[in-house]
Amino acid sequence: MNHYRTQILLCAGGACISSGCESVRDALLREIKANGLESEIEVITTGCMGMCEIGPMMVVSPEGIFYQKVKPEDMADVVREHLVKGCVVERLLYKRADNDELLRFMEDIPFFKLQKKIVLRNCGKINPEKIEEYIAVGGYEALGKALTSMTPEQVIEEVLTSGLRGRGGAGFPTGLKWKFTAKESADQKYVLCNADEGDPGAFMDRSQLEGDPHSIIEAMAIAGYAIGASKGYVYVRAEYPLAIQRLSNALDQARAKGLLGENIFNSDFSFDLQIRMGAGAFVCGEETALMRSIEGYRGEPRPKPPFPAQKGLFEKPTVLNNVETYANIPYIIMHGGAEFAKIGSGKSTGTKVFALAGHVNNSGLVEVPMGITLREIVYDIGGGIRGGKDFKAVQIGGPSGGCIPKEYLDTPVTYETLPTLGAIMGSGGLIVMNEDACMVDVARYFMDFIQDESCGKCTPCRIGTKIMLDLLNKITHGEGTEQDLEQLEFLAGQIGKSALCGLGQTAPNPVLSTLRYFRHEYVEHIKDKHCRSKVCRSMLRYTIDAAACKGCGLCKKACPADAISGERKAPHSIAADKCIRCGACMEACPFTAIEVK
Amino acid sequence: MSEKEHTCGCDNALYQELNAFIASVPRTRDSLIPVLHKAQALFGYLPVDLQEYIAKALDVPASEVYGVVTFYTYFTMQPRGRHTINVCLGTACYVRGAKQVVEAFSELLGIKIGETTPDRRFTLTAQRCFGACGLAPAVMINQDVHGRVNPKKVAELLEQYK
Amino acid sequence: MTVNLTIDNQPVTVPKGTTILNAARSIGIKIPTLCHMEGVVSPGSCRVCLVEVEGARTLLPSCIAQVGEGMIVHVNSKTARTARRTSVELILANHPLDCNNCSRNNNCELQTIASDMGITASRFPRLVQEHPLDLSTSGLTRDMSKCILCRRCVTACQNIQQVGVLAAQKRGFATIIGGGAKANLAETTCVQCGQCAAVCPVGAITEKDAIADVWAALDDPKKHVVVHTAPAIRAALGECFGMPAGSRVTGKMVTALRRLGFDKVFDTNFAADLTIMEEGFELIKRLTDAVRDKKAVALPQFTSCCPGWINFAETFYPKSLPYLSSCKSPMQMEGPLIKTWYAQKAGIDPKDIVVVSVMPCTAKKHEANRPEMVDSGFKDTDYVLTTRELGKMVTAAGIDFVNLPDGRADELAGESTGAADIFANSGGVMEAALRTAYEVITGRELPFPSLHVASIQGLDGIKEAAFKLDGCKPEFSFLEGVTVKVLVAHGLGNAHKVCKKLEAGDLAEYQFVEIMTCPGGCIGGGGQPRMTDDNVRRARIAAIYSEDESRTLRKSHENPEIKRIYAEFLGEPLGHKSHHLLHTTYTPRQ
Ligand SMILES: Cc1cc2nc3c(=O)[nH]c(=O)nc-3n(C[C@H](O)[C@H](O)[C@H](O)COP(=O)(O)O)c2cc1C
Ligand code: SF4
Ligand code: SF4
Ligand code: SF4
Ligand code: SF4
Ligand code: SF4
Ligand code: SF4
Ligand code: SF4
Ligand code: SF4
Ligand code: FES
Ligand code: FES
Ligand code: FES
């Protein structure tokens, strides 16, 4: 192997690719070559570094200088100034939003400072397409340790001790799940990985698979050893082509190295994995639906029991875990469950990866120890609300979750506390919302999502959520009545108790939590026909301030509905009954004489 | 599908590639979805004839194949336009105005989500999050992700795709 | 092992593995169900059977959830009642509520449950989806706007019959049951067995109604309307009037038909005996050709009296067609004989004769409309009523069925034997054929207790029997020592297995195979009173065998009217006239 003087880590995660990192890499390589530095400098393309918003980004070691928003044309400077002369290119450094201080190192940036990386330990640090790099940072040692020095029972014991709970949403103790499945005797068992990641606004699992696919393969092999399974599947969304490509590349490499296949590490344990692509159905994230889908059917859930531990894929005992859950396993095996359990808080051990997004300054992928408060995530890591607006709520847990208002920002994030607030940990979507978000519309958004994604098998979800959606549409259109609100609450209460699967059972949560904290917004929509966030368009009223209007007529020209009348040079006015609330007039008015309420 | 259509199918290079794929997987029910993925990758969509062909090849009832195709939104029975516009309607994009972006595309192209313009230039689709939440609202046209799109930028974006 | 629990404060002890539904039933608590089919499937989808179990996170579907030691179950708690009622109200919100114009009125599971729950108005906004009626087939009407998506029909079609026509399509609120991309059933491989209609809890799949046509014929003074009833009707018709499954109502049925105004009441059983003659001699001929003359003939011979099976073989196993007996079904033998022999005897112009058959079957409606079924020079069977339709006509006519005196079918084509009765259930045609064939070959009675071939009776899916022929009559000496092996299958899922064996050449040692489309045979037909489960099947089968045993004549060849028709009209089995009127050919379909 070549020994390089300098390594450059360049983020090639999904978001950075879309921000143009590939041409940055080409430019960088070109410049390196032009300066004859090929043998001294190595460029490593990595998975997501987490702060996609300021991508593409790179880290130049050994110093660890962090450059952000790099463009191909910057590469000449990076090579000439930094690599040749050793001077940092200041204009590419990260600037603190609050005090304009230039920060040189990743660790100095508040976004990264509070994070603790276990799951994402290799993301952004190694090239996910090279198994050698994974091995070089200790990859597959955990598998080796398990196979050569631990019994399956000891592996399960270690996972139990760690207190690791499923990161896919429900938070079921992983060790217990393994134990139940190990207990069953069967000619075939399966290990499955849930990489369906269906929550709208979540991309943790995708980044993990794109940035560190071997960690999942290694963990699944360990799970296979623990429960006595020789086969496994990774069920990935079809919408993640890059993840699929990197994972299948990783599988080939692992097979070539004998880390998958027959008699791994010369033990009598054999294990292999296949990838199965989803095809666009959120419900396939539900475990029984996922298995149905792998079997080649419509992804319709079935009632439990029997649980997958007894009758899973192809009716055989099966363990299904989330991507992030697996990513913790090698760490637990190497460092011991007790060590892992020290991280976090109470029964919520370890870290959690969140996809932080919405009206927040720094959005991206963050990994934090359990027990951190929402405020720390939103303000310290996320850098607070964008554009100086007011915080309104954070939506956590996706369509099964809820909206948490300002009063509870100091709540520690754990499996135990969130449900008391009507939210759940979920799989890691964390959307920050400012005053511009209408909470009724947010509830409507999730109900629309659920209705779109309901498999249609059971009555409460198929018909009940449709009625709930219709009611919410009515309310956001300003046509709601108090009786509608009553019915909405009634159905929300019923569906949760009577639907067949988790999708329907949690479908009312966004409605219930917004009703709990933002009932006044519902009431305003119904009684006052008013949407304070100006999101529900049918309730908007456009008016012209006669004093400010110069009678230029531009608004009249722009109006597609012929709703504006007025003589030239005289104040114009809007006929409310004709106005379709498109906002064109407001944009057209050069004198900001048009208001919306 | 009749014998005759079946044979001319085999002459076709796309069918040949599909046949080769089918031959490479076990003739069991769990091969259905991978085969449909392959077929859609090859043909661009899954018309009824093709579904019936696959049904026969895998010995699965045609009604079941249709049931699977119509269950999963990734599968389409309509031919796609030359360019696929995929607007993210994930939560992050939604709270930053993705709905208005969809509406703008919809209005400008005169089609709804899931439809294709009559000139087959564009197909409009929506997805929930492509992991570019930092760039919300995000729109993917073919393989290119465009971040921070707003309704005003839409016409300009479309201009780039002929 | 038993489990103790309490349901609505009553202690109950049931075997481990019992569902809460059945545990409740055992102490007289009736929980409503819609999607559940006892012993077959519980998708857990309708949620009308929810109960509250202390400690459970959600309500549980009692049709699936099994009892547990110490479980405390509430069926009659506010929470459970409200949840069940909400499920029903939601279904109703999405339902046309057109009961007065619906063929299931008064016999509809949804209607009954709603009424039992005291639902008079759904609190929810109406959300009805309009779907066009599918009237494309002769046997069935599908009205998907009434479908409640219980999926029972899918189970019947995909899992039991394995015909693979009906499947769930689309998803979410748009989910619909259909036959694939093809909008109409007629464009699919549907064999018209009607098992979907037999299990549908509501009026979404029903037989195509012939009642109005039959009334019109009865009301037309110029028409001479002749009716005949299939063997399976007499063991099921009583259920339409609240009689228990397995009530034998042959005599009442005849009286009811007369009172409805039919001019002649014949019996399909007569043609069933005739079928045995024709089919039995066909088998003997094939055996003679094969064993004595060493000719290449298609053996085993397969029965052909079930039109669902014919459709199935034509569609899925065209290679099996040469193995099928060329005999028409009894219904299609009776029809042309009425329009020829009877017409001639009675001196009635066959164009004025309307033949109505009462069948347990929707496939028979399809069969009657086959273009080749016109050998009398007219449409051989004009209208086919199902058992259920006859029940409705009797009710509409104000006939108090339960208290009717017994009647007897008319002469000429009304006499029959016990061999014909047992056509009604799986194994019966085979047994009837063996009773005659054995006697023809050996001159002795079939040597089994009470003439029953026990191993081919009952509800096992595939059954067989084997015995050695000895003491054959001189003309059949070539069969001496031959082991006769017969196979019986019912339910098309089992037919698939048998046909696959045939295609693989694995049936060479058998001589005769009986296939019936419907589970249990015609007693479980698609046109029988609902709901047919295995208990009902067993009761009907028992009724059929006791009908058989109550007869003095129990072998088809002993039927005096059969002897008469051969002497006066047909000549001999497989003769020229038989060939023209009673046999047919099959065409591969796709
Ligand atoms: C409607 C629905 C969607 C789900 N989607 C996902 C998903 O996208 N990814 C995931 O890992 N788990 C998802 N889950 C949770 C899984 O069913 C399952 O609990 C999880 O994958 C188990 O792994 P874990 O124990 O490691 O969390 C979903 C559950 C439901 C009910
Ligand atoms: S709750 Fe919804 S998604 Fe789940 S089974 Fe019922 S209809 Fe399907
Ligand atoms: S909002 Fe639109 S419709 Fe209304 S007045 Fe302005 S331009 Fe006209
Ligand atoms: S564009 Fe503004 S200033 Fe001009 S007429 Fe309209 S409201 Fe008045
Ligand atoms: S199916 Fe039942 S509930 Fe529906 S209209 Fe018919 S009788 Fe009434
Ligand atoms: S009051 Fe009731 S029973 Fe009387 S006619 Fe009207 S609906 Fe029928
Ligand atoms: S009649 Fe038989 S084959 Fe046809 S759809 Fe119904 S169950 Fe299926
Ligand atoms: S057609 Fe009838 S049996 Fe089939 S799903 Fe609908 S309601 Fe159920
Ligand atoms: S078994 Fe009887 S009822 Fe069923 S299709 Fe055959 S003839 Fe008809
Ligand atoms: S993809 Fe580069 S930082 Fe997320
Ligand atoms: S929500 Fe739009 S990219 Fe994530
Ligand atoms: S009968 Fe139990 S869920 Fe339908």
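Q: Among contacts in chain C between residues at least 6 apart in sequence, what percentage join residues at least 24 apart?

A: Let's start with the ground rules. This is a predicted model, where local features need pLDDT of at least 70, side-chain atom pairs count only at pLDDT 80 or more, and totals for chains, interfaces and linings use all residues. Residues are numbered from 1 along each chain as its sequence is written, chains are lettered from A and ligands numbered from 1 in the order in which they are written, and side-chain values use heavy atoms, leaving out hydrogens and water. Now, contact means heavy atoms within 4.5 Å. In chain C, 74% of the contacts between residues at least 6 apart in sequence join residues at least 24 apart.

Q: What does the radius of gyration tell me about chain C?

A: The radius is taken over C-alpha atoms, and the globule rule is 2.2 Å times the number of residues to the power 0.38. With 590 residues, a compact globule would come out near 25 Å; chain C has 25 Å, which agrees. Its C-alpha trace spans about 80 × 60 × 50 Å along the principal axes.

Q: How many helices and strands does chain C have?

A: Helices (H or I, at least four residues) and strands (E, at least two) are DSSP runs, numbered from the N terminus. Chain C has 18 helices and 17 strands.

Q: Is helix 4 of chain C largely enclosed or open?

A: Buried means under 20% relative accessible area, exposed means over 50%, and partly exposed is in between (1.4 Å probe, protein chains only). Seven of the nine residues of helix 4 (residues 152–160) of chain C are buried, so the rest of the structure largely encloses it. Among them are C:Arg152, C:Cys153 and C:Val154. The buried residues of this helix pack against several elements, including helix 5 of chain B and helix 3 (109–116) of chain C.

Q: How many residues of chain B are in contact with chain C?

A: 11 residues of chain B are in contact with 14 residues of chain C. Buried area is the accessible area (1.4 Å probe) that two parts lose on being put together, summed over both. Between chain B and chain C that is about 940 Å², with carbon and sulfur atoms giving 57%. In chain B, the residues losing the most area to chain C are B:Ser63, B:Tyr66 and B:Phe71, together 45% of what that side buries.

Q: Which side chains meet in a salt bridge with a 3.0 Å N to O distance?

A: A salt bridge is a side-chain nitrogen of Lys or Arg within 4 Å of a carboxyl oxygen of Asp or Glu. The rule finds one across the interface of chain B and chain C, and its partners are C:Lys182 and B:Glu52 (3.0 Å, N to O). Helix 5 of chain B gives the largest share of the side that touches chain C, six residues.

Q: Where do A:Glu81 and A:Lys85 lie?

A: An α-helix has 3.6 residues a turn, so residues three or four places apart point the same way. A:Glu81 and A:Lys85 both lie in helix 3 (residues 75–85) of chain A, four residues apart. They form a salt bridge, with the closest N and O atoms 3.3 Å apart. A:Glu81 is partly exposed at 25% relative accessible area, while A:Lys85 counts as exposed at 54%.

Q: Are A:Lys352 and A:Glu324 buried or exposed?

A: Both are buried. The side chains of A:Lys352 and A:Glu324 meet in a salt bridge (2.6 Å, N to O), and this pair links distant parts of the chain, 28 residues apart.
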